[in-house]
Amino acid sequence: MLYYSTNKKAKDASLKDAVIKGLASDKGLFMPSAIKQLPKAFYHNISEMSFQEISFIIAEAFFGEDVDAESLKTLVYDTLSFDTPVVKVTDNIYSLELFHGPTAAFKDVGARFMARLLGYFIGNDRHEQVNVLVATSGDTGSAVANGFLGVPGIHVYVLYPKGKVSQIQEMQFTTLGRNITALEIDGTFDDCQALVKSAFMDADLNAAMNLTSANSINVARFLPQSFYYFYAYAQMLKAGKADNLVFSVPSGNFGNITAGLFAKRMGLPVKRFIAANNRNDVFLQYLKTGDYEPRPSVATIANAMDVGAPSNFARVLDLYGSHDAICADISGVSYTDEQIRGTVASVYKATGYLLDPHGACGYQALQDGLQGDETGVFLETAHPAKFLDTVESITGDTVSIPDTLKVFMDGKKQSIELSADFDTFKTYLLER
Ligand SMILES: *Cc1c(COP(=O)(O)O)cnc(C)c1O
C-alpha cells in the first residue's frame, strides 16, 4: 500500500520508506492511501476472539500487502504478549487498562510493533544500520527503548532532560545497555526535542547515518494502536454493553485517539469520541472556534499530555476534511491539576479504583459528558505507579509497584551526559 503526505507535496511512499523516514519530505505526516472496511462476519465473531487474533486481522488490513502473512502474524503475536483488559469502574464507565505491558504505559503496543516492523524491513538488508533518535519527557523513551532492545541493525538514542524525569522512568531506559544509549541532556524536554529536530535537518548527519524517529508521527507506531479499540469493543460486546459506545482518550500528541478514529473508519461501531486534555487544550479551542492555534505547553501533573502543538492534528484534519465533520465525531474537555487531583481522590474513595492523572482526565470526561443511553470506555494510558509521588500525595495510601517496573529498579544506570548544544551532540553522533 502507498502512503501519502498530509501536505500533499511529497511523492507517495512505500510502507518501508514511510517507516524508515518517519516524516514525509514535505514535513507532512504519512497516511495510508486506503482504509479497508472489515467484513460483517468479523464483527459477528469478534467477542470470541483473542486480542492477538483480532489484532492480526486489523494488521493485515493495513500491512498485509507489504508484509507476508506468516511474518506479520509473528510480529503481532510477539508485540502483544500482554493483555489490555476492560475493567468496570462505575455503572456505565469502564477502564481500558493499557498498562499491562513491560513499561506499564500504552506506548508499549506501538513501540514494540514499530521495532519489529522496522527490524523486518531492514533484516533483509543488514548493511543499512538505522539509528532511532527519540526525545522523551518519560514514557516515550521507556517504551521505545524496551521495544527496540536487542533488535538487530537498529541503535536507539534516548535524549532526556537531566533531573526532570521520574526515577522509575529514568531506570527504564538507562539500565538496558546493548543497542540502547541514554543521553542525559543538561536542559529541558524542549531542548531534547530541538536537538532531535536539528539532527533530522542536518545534512552532514543524514549523509553519515540513517536517522529515524519513533514518536507517534511514525505510521508503524501509531496505526497498531487501533488494535485495542477493537478488542475493547469485543469485551464490551461480551458484557452486553456495546451499544452507543463512547471512547474517552487522554490526549497529548493525539496519536492514540487518531488510531481510534481509524478504527471507526474501518467500521468499528463507536458512537463518538472525547479528547480529554489537561490545561493544554489547543484542540478544545479548535473545536470551539474552528481555528487551530498551537501555543507553548504548560506543565501539569498529567505531564505526558503537556503538548502545545499536537503532531497528529494534521491526520485528524486529513481524515475528516472539515471542522464540522470533526465536531460531529469528537468533542473535547480540559481539566486543571486541581480537578485531576479531585477525580483521582473521589474515584479512589468511592470505588477503590486508582486512576493515574492521565486516565483521570478520561474518566472525568465521561462522568461529565455521558448521555443516558451511552456506555463509556476511557483509556487508562499508564499505571498509577509511574506517577507515584503525585498519586500517593492525593490518596495518602502507598501504591504497590508492579513487578514489570520493579525489575528496572535493580539495574545499574548508564548514561552519557551532554550539554544542550547542537554541535556537541552532532560531534558525538559522528564519532560513534
Ligand atoms: C503519551 C501519553 C498520553 C498521550 O498520548 P498521545 O497519543 O500523545 O495523545 C497520555 N497518557 C500517557 C500516560 C502517555 O504516556
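Let's start with helix α17, residues 357-369. This helix lies across β3, β4, β9, β10, β11 and β12. It runs at about 170 degrees to β12. Angles run from 0 to 180 degrees between N-to-C directions, with axes fitted to C-alpha atoms, for helices over the stretch in contact. Contact means heavy atoms within 4.5 Å. Helices (H or I, at least four residues) and strands (E, at least two) are DSSP runs, numbered from the N terminus.

A word on the model. It is predicted, so local features need pLDDT of at least 70 and side-chain atom pairs pLDDT 80 or more, while totals for chains, interfaces and linings use all residues. Residues are numbered from 1 along each chain as its sequence is written, and side-chain values use heavy atoms, without hydrogens and water.

Now the sheet. Six strands form an open sheet, in the order β3-β4-β12-β9-β10-β11, with mixed pairing. Which strands stand at the edges? They are β3 (86-90) and β11 (330-334). Each has a single partner strand, so one side of each is left without a neighbour in the sheet. Neighbouring strands are turned by 25 degrees against each other on average, direction ignored.

Take one pair. β4 (residues 93-97) and β12 (residues 375-380) are parallel, over 5 bridges. Pairing needs at least two bridges found by DSSP. Ser-95 stands opposite Phe-378 in β12. Helix α12 (residues 255-265) packs on the sheet too, touching β9, β10, β11 and β12. Its direction makes about 180 degrees with that of β10.

Last, Ser-213, in strand β8 (residues 210-213). Is Ser-213 buried or exposed? Buried, with a relative accessible area of 5%. Buried means under 20%, exposed over 50%, partly exposed in between, with a 1.4 Å probe and protein chains only. Beyond neighbours within four places in sequence, Ser-213 contacts residues including Gly-22, Met-114 and Phe-200.
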